[in-house]
Amino acid sequence: MKTIKYSLLVLVTAAATVGVMWLYENIATRKQEAQQVVFSVVHLDETTEDPAEWGRNFPRQFDSYRRTVDMERTRYGGSEADPFAVGEHGVPKTVSKIEQDPRLKILWNGYAFAIDFREERGHAYMLQDQKETERVLKRPQVGACLHCHASTTVAYRRAGLAAGAPGQLTDPLLSATGMEQLMKGFPIVSAEPYSNAVQRVRHPVACIDCHDPKTLQLRITRPGLILGLRALAASADAVPHLPSIERWRKGDRRSPYDANRDATRQEMRSLTCAQCHVEYYCASKATLFFPWGKGLKAEQMEAFYDEYRFRDGTPFADWKHATTGADLIKVQHPEFELWSQGIHARSAVACADCHMPYQREGAIKMSNHHVRSPLLNISKSCQVCHHFSEDELKQRVFNIQDRTKQLMDHALDAVVSLIQTLEQARKNGAADEQLRAARQLQRKAQYRVDFVNAENSMGFHAPQEAARLLGEAIDYARLGQLAVAPLAQKD
Ligand code: HEC
Ligand code: HEC
Ligand code: HEC
Ligand code: HEC
Ligand code: HEC
């Protein structure tokens, strides 16, 4: 009996020892793995543009960053190649949205988007897709286009230094001289012809555009956002989802709002994306800007444009519609603005929470830099907060998107009808003065349907706001038709 007890004890002790040793081993390797995160192989500074260099210190983030070349379709998002449209190096272009929905050509008649507008895809393609679009090949464009399609942090600073800004390129970007270089170079590069400016850049958005090379902290490097947030902070628009702006407003306001100084880490997890995923003006009549002087809501931005005057005194318009003669606004990808109106922003859920979710690799918790549709990674993107099955979550998204799409179809049809009615009235010889009210309503309707159409979540980022805008678009379009109908009768 005693020997049995003794043997058991030996066995248990041995097992425990093995267990402890295994645990120790495990902890040791995990510690080692954790150390690798900060283990510096190469020296990174403000001149290190090439993401592959950063990748030697941060191989996991770099590997996932590189995977933005992947293409996979979802019901309304993801990306899809067009096997018949081959671009540079034999890389297929994505499917054409204006071929898929010819109503868009009618909506944008006379503007560059009516000649080429495609499905967007991963960050790896941003520079190539811009160089290859017919909008660049067939229309004169300016260097401002690069603000959101290339790693421009170093390019702006070099241009600023060449124009006499103080300091050196190695100064920290967020130092006084670093910022002066950046802000001085920005309008210079922006005003150059595209073909000149593009010689200044080599990479799509890169590590240095979102991270400090020394501390790796998130940072804002895009002048458009720096200036846009300043204007937003100075406005009266309530932004409960951006608490640092609300705090700044309560202060003495002696120095302008500065996200790099004031924003919380959680805010930065969205603001790094707001450097580009926003509505903007970018052409030759003014330096690139975000229209946020009255706030982030669709009609506040519309009111800002309506009051805006170009340097030559002319009122704001992106283009004159070729069929109707109306002066119109074209909206581009207002993801940040629409997200701002939704329940997730209100609940402090950031872009990165869904589009760059945390994942574990051994002991390391890292952010997935394979930025893409969250529907391709529901377990990491959504199930950390929502305890429903993947299938159920997907269905909830589809419910929102299918409804938005249906309403958008009605809105697109309504705007097309207004355009056709205006066209008939012009054929009948109606004078500009008689068409004024209907053209103004076309501007309002086009702006709203475009806001939702150009936004890339098919309503998901703020479902009710998207539906509200589409409802208004339908109303304005039909009111415009009523206004012009008496002039549009065929005999
Ligand atoms: C709560 C999660 C969530 C948050 C937060 C969020 N998104 Fe999304 N986003 C989605 C979903 C879901 C879709 C729809 C994807 C689809 O249809 O495949 C989407 C779509 C997109 C798309 C189009 C993707 C594609 O594959 O076509 C872009 C671009 C985008 N979001 C950017 C942003 C930006 C920028 C922010 C922050 C300002 C943001 N998102 C915040 C969930 C989120
Ligand atoms: C404020 C940032 C910003 C600026 C400035 C900008 N873009 Fe983009 N662009 C984006 C974002 C974000 C996307 C992806 C979302 C989308 O396609 O809606 C995109 C997508 C594209 C695409 C791929 C989809 C398509 O439209 O066919 C092309 C091409 C493009 N842009 C060209 C241009 C050109 C040309 C200019 C200058 C006139 C320009 N961009 C200026 C942010 C910007
Ligand atoms: C420097 C500008 C820039 C920044 C910063 C940026 N994006 Fe993008 N993003 C783009 C452009 C441009 C495209 C379209 C590229 C193309 O179609 O070639 C794009 C595409 C996307 C897509 C579509 C991918 C697909 O497969 O269709 C998603 C999702 C996205 N971005 C989310 C984000 C999120 C989230 C952030 C912040 C973490 C972010 N982006 C930061 C410019 C930017
Ligand atoms: C569009 C902006 C953007 C770009 C470009 C970008 N990152 Fe990040 N990165 C983020 C965000 C957002 C986080 C999350 C930070 C946080 O939560 O504080 C992050 C986090 C990190 C972290 C901290 C650990 C982790 O994974 O959360 C490292 C390291 C990192 N990135 C490395 C890189 C490297 C290397 C590159 C270039 C290959 C790169 N990043 C490009 C936005 C970006
Ligand atoms: C960090 C936490 C978090 C993440 C990640 C997150 N959500 Fe949410 N979600 C919330 C919160 C908080 C609400 C607000 C309702 C509540 O308080 O329960 C919400 C609401 C929703 C709603 C209801 C929307 C409405 O307008 O009423 C849907 C649908 C939803 N989430 C889907 C998703 C999907 C799909 C994803 C992944 C792409 C996702 N969520 C990711 C926290 C999150």
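Q: What should I know about numbering and confidence before I start?
A: Residues count from 1 along each chain as its sequence is written, while chains are lettered from A and ligands numbered from 1 in the order in which they are written. The model is predicted, so local features need pLDDT of at least 70, side-chain atom pairs count only at pLDDT 80 or more, and totals for chains, interfaces and linings use all residues.

Q: Which residues come nearest to ligand 1?
A: A residue is near a molecule if its C-beta atom, placed from the backbone, lies within 6 Å of it. Around ligand 1 there are 26 residues, and Thr74, Gly77, Cys351, Cys354 and Ser373 come nearest.

Q: Which helix gives the largest share of that shell?
A: Helices are DSSP runs (H or I, at least four residues), strands likewise (E, at least two), numbered from the N terminus. Helix 19 gives the largest share, four residues. Helix 17 (335-340) and helix 19 (351-355) each supply at least two.

Q: How do the residues around ligand 1 divide by class?
A: Ala, Val, Leu, Ile, Met, Phe, Trp, Tyr, Cys and Pro count as nonpolar; Asp, Glu, Lys and Arg as charged; the others, Gly among them, as polar. The shell has 13 nonpolar, eleven polar and two charged residues.

Q: How many residues surround ligand 2?
A: The count is 24, with Glu120, Thr133, Cys145, Cys148 and His333 closest. Helix 6 (126-132) and helix 7 (134-137) are the elements giving two or more. By class, the shell around ligand 2 holds eleven nonpolar, nine polar and four charged residues.

Q: Where does ligand 4 lie relative to the domains?
A: Domain bounds come from an automatic or database domain assignment. Ligand 4 lies between domain 1 (116-340) and domain 2 (353-384), because both give residues to its shell. The closest of its 23 surrounding residues are Gln61, Cys207, Cys210, Met366 and Ser367.

Q: How are two packed helices described?
A: By the angle between their axes and the distance between the axes. Axes are lines fitted to C-alpha atoms over the stretch in contact, with angles from 0 to 180 degrees between N-to-C directions. Helix 22 (residues 432-454) and helix 23 (residues 463-484) pack at about 160 degrees, axes 8 Å apart. That makes helix 22 roughly antiparallel to helix 23 (angles over 145 degrees count as such).

Definitions and conventions
Parallel < 35°, antiparallel > 145°, perpendicular 65-115°, else oblique.
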